[in-house]
Amino acid sequence: MNLPINLRFTVDHEWIDDTGRVGITDFAQGALGDVVFVELPPVGTALKAGESFGVVESVKSVSDLFSPVSGTVAAVNTELVSQPELINTDPYQAGWLIQFTAPFDVSQLLDADAYKLQIEGA
Amino acid sequence: MKTTALTQWHQRHGAKLEEFGGYSMPIDYGSILNEHMAVRTGAGLFDVSHMGEFIVRGPDASACLDQLVTNLPSGLEQHQALYSPMCYAEGGVVDDLLIYRLADEVFMMVVNASNIDKDWEWVMRHKTEWPGATVTNVSNEMALIAIQGPTAADIVASQAEGDIASLEYYHFIPDAVVGGVPVLLSRTGYTGEDGFELYLSNQHAVALWERMVDAGARPAGLGARDTLRLEARLPLYGHELSAAITPLEAGLGPFVRWDKKGSFIGHESLVQQKRSGIVRKIVGLDVQGGIARAGYQVVDDQHTVIGTVTSGTFSPSLKKAIALALVPIECSTVGSVLTILIRGRAVHATVVKTPFYKRR
């Protein structure tokens, strides 16, 4: 499984990088299956860590997205409107969801090793 | 949880298994979209061994079945099959099923996995009026493999002894040999494509399955089966059909034989409903700006609930959201624009002609 060491993770399978970009993990996209629809908040939305900020839908199911940190949404990946499958094919790069404005606090999040333990235990 | 003769094969080949109708069943082998398109463009292979099979035999078998279901099993030729709702006296549906005429006085009922126990009790209760009919439940001994898609006939023919190409729709060969294995070969399916359903004994299931895979059929899970049947507007029990929805409301009027000699269970209620006219029906919807899922509400301008989505998905063939919904008759004409609440957001849906997808 693809698990970049430079990212921080939530137990709900979101990642965040040091530029504030957020997405879902390779494990999450695999469990979800083909993503066909994404619903994301508008730029400027203020979110609290753990708050639901949107959904990703596969053919079969709907999954909530949870914010890894508290902050304000600075950018939204509009490519996903026409190409939601980017979440499956490139979950850590082209498949990003939203981006937070710095600063944001990642001290409560898991590193790659801790996240790996989390999903292996699941 | 129950398993089928193929469960271990599915596990070994990367299937995502989930509970369905009390059975552990493959939902997909990696991609519902790819499995769906394989069935539309080539051939998909489905393990549907969870379906239940009852054998009804004896001099009263055909009369007993005529009373149990709305269609007319006594009118079947030998080696012909039919689809029928089976109703409660109130007109709601116990189950929808296939009935095969194996011989003059021998029939096979094929019922939904989730309804096997309920159907068995229902049939046992009404069979008492027909001493010349015996019913046996052979669900646990029988496997069922469906091969569906435009190349299904070629693949089956390449593995079968004798002529299968001329087998007509809703007909079957009771003693066919496919992949060296004895099967009941039926030209039926639940995908909107040409194809076959092969009934066989559990012990031969893996051998036949592997022969079909080697011959070019792609394993497909229940996820794709659901999107395929929805595009073809085929009802699913528990969604478009239930104890609270009659065959007339579900658009299955053609499968109710008003002209049969004896009565059938539900006849009075359905005649009455037909006479007074249905007040709600299942319609097809083209959903804009979201995916409507089963259970989502259809509302009017004041956001008062007027109906319910019964099934909804992203259509892999049409690349858009489609749904079936139970709505008031006055909202059911093609072109009507309805409102569905998706996570509290009002989304428009247009009533469209069904099936959503029709094979060329």
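In which order do six strands of chain B close into a barrel? Here is a short tour in close-up views. This is a predicted model, where local features need pLDDT of at least 70, side-chain atom pairs count only at pLDDT 80 or more, and totals for chains, interfaces and linings use all residues. Residues are numbered from 1 along each chain as its sequence is written, while chains are lettered from A and ligands numbered from 1 in the order in which they are written.

**View 1. The barrel of chain B runs S14-S17-S16-S15-S18-S19.** Its pairing is antiparallel; two strands pair if DSSP finds at least two bridges between them. Strands here are DSSP runs (E, at least two residues) and helices are too (H or I, at least four), numbered from the N terminus. Direction ignored, neighbouring strands of this sheet are turned by 45 degrees against each other on average. Angles run from 0 to 180 degrees between N-to-C directions, and axes are lines fitted to C-alpha atoms, for helices over the stretch in contact. Helix H7(B) packs on this sheet, touching S16 and strand S17 (320-328) of chain B, with its direction at about 120 degrees to that of S16(B).

**View 2. Strand S19 (residues 345-352) of chain B pairs with strand S14 (residues 280-287) of chain B and with strand S18 (residues 337-342) of chain B.** With S14(B) there are four antiparallel bridges, and Leu285(B) stands opposite Val351(B). With S18(B) there are six bridges, again in the antiparallel sense. Look for Val337(B) opposite Thr350(B), and for Leu338(B) with its bridge partner Ala349(B). The hairpin of S18(B) and S19(B) has two residues between the strands, and Arg343(B) takes a positive phi near 50 degrees there.

**View 3. Chain B also has an open sheet of six strands, ordered S10-S11-S12-S9-S3-S13.** The pairing in this one is mixed. Strand S10 (172-178) and strand S13 (218-219) of chain B stand at the edges with a single partner strand each, so one side of each has no neighbour in the sheet. Strand S3 (residues 44-47) and strand S9 (residues 142-148) of chain B pair in the antiparallel sense over four bridges; Asp47(B) has Ile145(B) as its bridge partner in S9(B). Helix H5 (residues 152-159) of chain B packs on the sheet, and its direction makes about 125 degrees with that of S9(B). Helix H6 (residues 205-214) of chain B packs on the sheet as well, at about 10 degrees to the direction of S9(B).

**View 4. Helices H2(B) and H7(B) cross at roughly 55 degrees, with axes that come within 8 Å.** The residues in contact (C-beta atoms, placed from the backbone, within 7 Å) are Ile32(B), Glu35(B), His36(B) and Val39(B) of H2(B), plus Gly223(B), Ala224(B), Thr227(B) and Leu228(B) of H7(B).

**View 5. Chain A meets chain B through eight residues from chain A and 12 from chain B.** On the chain B side, helix H2 (32-41), helix H7 (222-231) and strand S16 (305-315) each supply at least two residues. The predictor gives the complex an ipTM of 0.90 and a pTM of 0.96. Chain B averages a pLDDT of 97 (the predictor's confidence in each residue, from 0 to 100), and 100% of its residues score at least 70.

Definitions and conventions: Two residues are in contact if their C-beta atoms, placed from the backbone, lie within 7 Å.
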